[in-house]
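Visitor: Please show me the model. I want each label set against its cut-off.

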Amino acid sequence: MFPSLIYETWGGYETANGATIARELVYRSNQLYDISESDMLLLANLNLKNDFDLRTAAERDAKPDELPAGVNNVWLDVLADDTTSGTANIIGLLQDPQQANIELGDGKVEEMFKLAYRQFIYLPSAQIAFGELFLSLGDENELPALFHCTTGKDRAGWAAAALLTIIGVPEEAVMEDYLRSNDYILPMYETYIQQFIDAGGYPSIAAAIFGVKEEYLNAAFDEMNTEYGSMENYFSEALGITVAQQTALRNLYLNNK
């Protein structure tokens with residue numbers, strides 16, 4: 001139902017001390033399903049070693065990744081321990097706009113997303129998944145790599161925000177990078193958004209589902225800071241990534257050219 005393959009690399013950002021992040025090491029994307037021939041060629045030209053899929057089993061089974069030959073597909077189910085229906089399944093409600101208005105209207109969908117972003121911090125499955133992801137992204141033998149979820153903005157959005165933060169990119173630039181998802185995704189899903197609205201769905205629901213909001217990412221940062229006090233402590237205490245490994249990760253992205 002939904003388009004595939006929209007990706008970005010965020011090399012070139014500056015850290016607080018003026019260092020520049022290397023380009024073409026890691027990419028963030030939405031789902032890699034039903035890939036066109038030209039998009040498959042684009043993927044092949046990235047020379048990826050690894051593709052990290054952060055989706056649930058249901059998402060993955062319905063739309064498995066399609067990859068160039070030789071790319072290692074790694075499944076890291078962030079929401080495996082989510083006992084609710086979760087935001088991973090929320091898009092299905094768009095098929096019934098009237099029911100969506102009841103279940104998601106009046107700010108309910110925003111609250112669901114904020115809860116999901118907090119789950120990215122405290123769910124055991126999320127800690128395992130993000131720990132494995134960041135350890136791999138800190139190993140130059142595993143790069144270049146791409147990570148994605150379904151729309152590329154929530155699970156993948158937190159992954160990008162956390163990685164930029166641990167490398168040393170200022171908070172304002174991290175949020176700017178996160179909000180850039182709206183520039184990519186909202187136009188890409190415009191047809192589906194308009195169909196939902198034309199069938200009686202609230203425009204605010206569509207915007208909340210397909211877009212990103214500062215309050216979403218802020219919920220994850222708030223949970224992380226409340227529980228761990230800093231990104232460095234989150235990496236070491238929740239994800240099992242030592243101070244030495246964090247330093248090696250920073251050096252990798254700041255020293256490569």
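**Helix α6 and its neighbours**

Guide: Start with helix α5 (residues 124–137) and α6, which pack at an angle of about 50° with their axes 11 Å apart. Helices here are DSSP runs of H or I, at least four residues, numbered from the N terminus. Axes are lines fitted to C-alpha atoms over the stretch in contact, and angles run from 0 to 180 degrees between N-to-C directions. This is a predicted model: local features need pLDDT of at least 70, side-chain atom pairs count only at pLDDT 80 or more, and totals for chains, interfaces and linings use all residues. Residues are numbered from 1 along each chain as its sequence is written, and side-chain values use heavy atoms, with hydrogens and water left out.

Visitor: Why is α5 called oblique to α6?

Guide: Under 35 degrees counts as roughly parallel, over 145 as roughly antiparallel, 65 to 115 as roughly perpendicular, and the rest as oblique. The angle is about 50°, so α5 is oblique to α6.

Visitor: Which residues of α5 and α6 meet?

Guide: Phe130, Leu133, Phe134 and Leu137 in α5 meet Arg155, Trp158, Ala159, Ala162 and Leu163 in α6. Contact means heavy atoms within 4.5 Å.

Visitor: What makes α6 oblique to α11?

Guide: α6 and helix α11 (residues 214–228) pack at about 55°, with axes 11 Å apart. That angle makes α6 oblique to α11. Here Trp158, Ala161 and Thr165 in α6 meet Leu217, Ala220 and Phe221 in α11.

Visitor: How do you know that α6 is largely enclosed by the rest of the structure?

Guide: Buried means under 20% relative accessible area, exposed over 50%, partly exposed in between (1.4 Å probe, protein chains only). In α6, 12 of the 13 residues are buried, so the helix is largely enclosed. Among them are Arg155, Trp158 and Ile167.

Visitor: What makes a set of residues a nonpolar core?

Guide: Its members are buried Ala, Val, Leu, Ile, Met, Phe, Trp, Tyr and Cys residues, joined through side-chain atoms within 4.5 Å. The largest such core has 73 residues, and Trp158 and Tyr253 are among those with the most contacts inside it. Helix α6 (residues 155–167) gives the largest share, 10 residues.

Visitor: Why does Val243 count as exposed?

Guide: Val243 lies in helix α13 (residues 243–255). Its relative accessibility is 59%, so Val243 counts as exposed.

Notes. Helices (H or I, at least four residues) and strands (E, at least two) are DSSP runs, numbered from the N terminus.
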